[in-house]
Amino acid sequence: MTTSSAREMPLGFLLSDAQRLIRNQFDTAAEAAGLGLTAGEARTLGHISKLEGRRQSVLAEYMNIDPMTLVSYLDRLEAAGLVERQPDPADRRAKIVRLTPKSEPVVRKIREVGRQVRDQATEGLDDDDVARFVAYLTRMIENLGGDSSKIDDCKSTRATAAQRS
């Protein structure tokens, strides 16, 4: 493929299709992992682990789901003792979401499932290829006005969590 023909590729469709396939693979693997959670609940726990201490509204926006859908996931996760919601000190109407200690082994398993899916998706790519791909995607996010600091927040949160385990 030439450089000019690569620029003609329907990039949005390719990214969307890859995201859809990764999500489907994760959902299937999460349900098969015996977590006792729906795929949506597993994704929610995974996102909370990256964005712990944030408001529900921020979490719903980040996950790109309807706030009411998130509330139903959080209700079930809270009933299972995996998360807790606390009033935001800056705005008591808003809720801050935090993981409970009981969630730690579940989150570790969710991360393991995520790693397996990522490894499958990047099979045939070496570490340098993956690093370049991440850098390119990060640049695209910035070019489109997105906040790439979320990516950095996620990396530092994962590194901190890895140090604890």
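Hi everyone, let's start inside a helix: Thr44 is found in α3. Before going further, please keep in mind that this is a predicted model.

So, is Thr44 buried or exposed? Thr44 has a relative accessible area of 0%, so Thr44 is buried. And which residues does Thr44 touch, once we leave out those up to four places away in sequence? The list is Met63, Leu70, Tyr73, Leu74 and Leu77.

Let me step back and show you the whole protein. There are eight helices and two strands. Reading from the N terminus, the order of the elements is α-α-α-α-α-β-β-α-α-α. The protein has 165 residues, and 29% of them count as buried. Its accessible surface is about 10800 Å², with 52% of that belonging to carbon and sulfur atoms. If we take the contacts with a separation of 6 or more, 52% of them are between residues 24 or more positions apart.

Now back to α3, to see how this helix sits against others. When two helices pack, we describe them by the angle between their axes and the distance between the axes. For α3 and α5, which covers residues 67-79, the axes come within 10 Å and cross at roughly 85°. That angle makes α3 roughly perpendicular to α5. Which residues meet here? On the α3 side we have Gly40, Glu41, Arg43, Thr44, Leu45 and Ile48, and on the α5 side Leu70, Tyr73, Leu74, Arg76 and Leu77.

Thr38 sits in the loop between α2, residues 11-32, and α3, residues 39-50. How does the exposure of Thr38 come out? Its relative accessible area is 34%, so Thr38 counts as partly exposed. Leaving aside residues up to four places away in sequence, Thr38 touches Glu31 and Tyr73. Tyr73 is also on the list of residues that Thr44 touches. One more distance for Thr38: Asp27 is 11 residues away in sequence, and the two C-alpha atoms are 8.2 Å apart.

On to the strands. β1, residues 83-88, and β2 run antiparallel, and six bridges join them. Together they form a hairpin, with two residues between the strands.

Where is Ser103? Ser103 lies in the loop between β2, residues 91-99, and α6, residues 104-121. With a relative accessibility of 1%, Ser103 counts as buried because the cut-off for that is under 20%. Its side chain reaches the backbone oxygen of Thr100, at 2.6 Å.

Notes. Residues are numbered from 1 along each chain as its sequence is written. This is a predicted model: local features need pLDDT of at least 70, side-chain atom pairs count only at pLDDT 80 or more; totals for chains, interfaces and linings use all residues. Side-chain values use heavy atoms; hydrogens and water are left out. Helices (H or I, at least four residues) and strands (E, at least two) are DSSP runs, numbered from the N terminus. Buried means under 20% relative accessible area, exposed over 50%, partly exposed in between (1.4 Å probe, protein chains only). A polar contact is a pair of N or O atoms within 3.5 Å; within protein, one must be able to donate a hydrogen and the other to accept it, and residues adjacent in sequence count only if both atoms are side-chain atoms. Two strands pair if DSSP finds at least two bridges between them. Contact means heavy atoms within 4.5 Å. Accessible areas come from the Shrake-Rupley method with a 1.4 Å probe; for residues, only the protein chains shown count as cover. Axes are lines fitted to C-alpha atoms, for helices over the stretch in contact, and angles run from 0 to 180 degrees between N-to-C directions. Angles under 35 degrees count as roughly parallel, over 145 as roughly antiparallel, 65 to 115 as roughly perpendicular and the rest as oblique.
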